[in-house]
Amino acid sequence: MASNDEKKEIAKQFILASPCHELRHVIKDVKVLVGDEELVKSILPEVVSEYNTTNFVPIEGPYGNMVVMCESGKKEGTLDTFLDPVAGKYFKVTDHVKLVAEETAETSVASEARDQLQSKVDEYVSAHFKSGSASVYVTGDDSFKVVINSEKSNPGSSWSGRWRSFLDVSMTSATTATVKGTIYNDVHYYEEGNVQMDTSKDIAKDIKGDSAEQLTKRIVTFIEDSDTAFHMKIDDMCKSLSDKSLKTLRRRLPVSKQLFNFQSGAHKLAAELTKGVTK
């Protein structure tokens with residue numbers, strides 16, 4: 001029999017692998033699987049906090065902004081205190097599963113460069129994502145982290161999906177920057193089955209501009225170009241999967257191009273084999 005520590009680890013791995021918008025369902029099933037509801041409850045604050053920050057889950061903060069949660073926005077040494085970089089204030093997540101937050105008295109230092117980058121990223125997300133959110137965090141002197149999330153689900157049609165990405169931006173001068181990050185795409189389809197596709201792509205580039213404003217625009221253009229290229233690659237992969245790979249798994253038609261009739265009495269061979277047989 002598994003020990004309590006082993007049960008906790010099993011529960012943790014299932015919860016961290018929860019598809020978009022299915023966290024509550026997975027937690028409910030894990031409680032049944034482990035057979036100890038209180039044990040599962042004991043690990044939820046830490047595990048769900050990790051789930052939210054790893055998947056860049058957006059939350060409606062108490063200051064009127066959508067905030068994309070990530071490690072760069074979490075107050076060091078806490079599980080539930082995050083920065084709203086637009087408001088410049090911290091908030092506490094009182095329920096990581098239901099995504100409930102409340103105000104705190106803590107504030108952060110403003111950054112004009114961060115605000116400019118946030119503005120351009122918001123324009124891009126608004127133009128290209130129906131339900132997208134973005135946050136830009138200061139990570140050091142002239143360094144920032146851009147995190148983007150867009151997720152959608154349709155339980156009636158048994159699917160859910162999440163597009164998320166991060167970009168580490170290091171301003172090497174007033175007009176140059178080094179950027180690198182990763183784009184993730186997670187899709188779950190579960191009508192009479194369980195199919196998941198998790199893909200990712202690393203991106204990086206040294207960017208130059210004639211001014212600080214142009215540099216910011218080119219950083220966002222790089223994000224757009226990278227997202228578009230990744231999107232097209234996934235489209236091509238899915239088309240190839242449908243046109244080629246999946247067809248090899250199906251029964252091919254005979255040379256006659258007619259569906260085979262598997263009723264034994266319909267063929268001459270069956271008639272010959274049964275000739276002379278008496279009941």
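A cavity is a set of grid points where a 1.4 Å probe fits but cannot get out. The legends below describe close-up views of a predicted model.

View 1. The structure holds 1 cavity of 30 Å³ or more. The space in this largest cavity comes to about 60 Å³. Lining residues include Val146, Ile148, Ser165, Phe166 and Leu167. Also part of the lining are Thr182, Ile183, Ile203, Ile223 and Asp227. Strands S7, S8 and S9 and helix H5 each supply at least two residues of this lining. The most comes from S8, which gives 3 residues. By class, the lining of the largest cavity has 7 nonpolar, 2 polar and 1 charged residues.

**View 2. The largest pocket.** Rolling a probe the size of a water molecule over the atoms shows where empty space is left. The largest pocket holds about 590 Å³ of space. Its lining has 22 residues, and those closest to the centre of the pocket are Phe129, Ser150, Trp163, Asn185 and His231. Two or more lining residues come from each of helix H4 (112–128), strand S7 (143–154), strand S8 (159–171), strand S9 (176–189) and helix H5 (212–245). Which element gives the largest share of the lining of the largest pocket? H5 does, with 7 residues. The lining of the largest pocket divides into 8 nonpolar, 7 polar and 7 charged residues.

View 3. Strands of a sheet pair through backbone hydrogen bonds, either parallel or antiparallel. In this open sheet, 5 strands follow the order S6-S7-S8-S9-S10, and their pairing is antiparallel. Strand S6 (132–140) and strand S10 (195–208) each have a single partner strand and stand at the edges, so one side of each has no neighbour in the sheet. On average, neighbouring strands of this sheet are turned by 10° against each other, direction ignored.

**View 4. The pairing of S6 and S7, with helix H4.** The antiparallel pairing of S6 with S7 runs over 8 bridges. Ser133 has Asn149 of S7 as its bridge partner. Helix H4 packs on the sheet and touches both S6 and S7. The direction of H4 makes about 160° with that of S6.

**View 5. The sheet of three strands.** A further open sheet consists of 3 strands in the order S3-S4-S5, with antiparallel pairing. Strand S3 (81–84) and strand S5 (100–107) are the edge strands, and each pairs on one side only. Neighbouring strands here are turned by 35° against each other on average, direction ignored.

**View 6. The hairpin of S3 and S4.** Strands S3 and S4 run antiparallel and are joined by 4 bridges. Thr81 stands opposite Lys92 in S4. How many residues lie between S3 and S4 in their hairpin? There are 4 residues between the two strands, and Gly88 in the turn has a positive phi of about 75°.

View 7. Strand S4 (residues 89–95) pairs with S5 in the antiparallel sense over 5 bridges. Val93 has Ala101 of S5 as its bridge partner, and Lys89 stands opposite Thr107 in S5. This hairpin has 4 residues between the strands, and Leu99 takes a positive phi near 60°.

**View 8. The crossing of helices H2 and H3.** Helix H2 (residues 23–34) and helix H3 (residues 37–54) have axes that come within 10 Å and cross at roughly 145°. Is this crossing of H2 and H3 right-handed or left-handed? The crossing is right-handed. On the side of H2, the contact is made by Leu23, Ile27, Val30, Lys31 and Val34. H3 contributes Glu37, Leu39, Val40, Lys41, Leu44, Val48 and Tyr51. The contact of H2 with H3 has 9 nonpolar, no polar and 3 charged residues.

Technical notes: Residues are numbered from 1 along each chain as its sequence is written. This is a predicted model: local features need pLDDT of at least 70, side-chain atom pairs count only at pLDDT 80 or more; totals for chains, interfaces and linings use all residues. Side-chain values use heavy atoms; hydrogens and water are left out. Axes are lines fitted to C-alpha atoms, for helices over the stretch in contact, and angles run from 0 to 180 degrees between N-to-C directions. A crossing is left-handed if the near helix is turned anticlockwise from the far one by less than a right angle, and right-handed if clockwise. Contact means heavy atoms within 4.5 Å. Ala, Val, Leu, Ile, Met, Phe, Trp, Tyr, Cys and Pro count as nonpolar, Asp, Glu, Lys and Arg as charged, and the others, Gly among them, as polar. On a 1 Å grid over the protein atoms alone, a cavity is a set of points where a 1.4 Å probe fits but cannot get out, and a pocket is an open set with protein on both sides within 12 Å along at least five of seven lines; lining residues have an atom within 4 Å of a point. Grid points are joined across faces, edges and corners, and a volume is the space filled by probe spheres set on the points. Two strands pair if DSSP finds at least two bridges between them.
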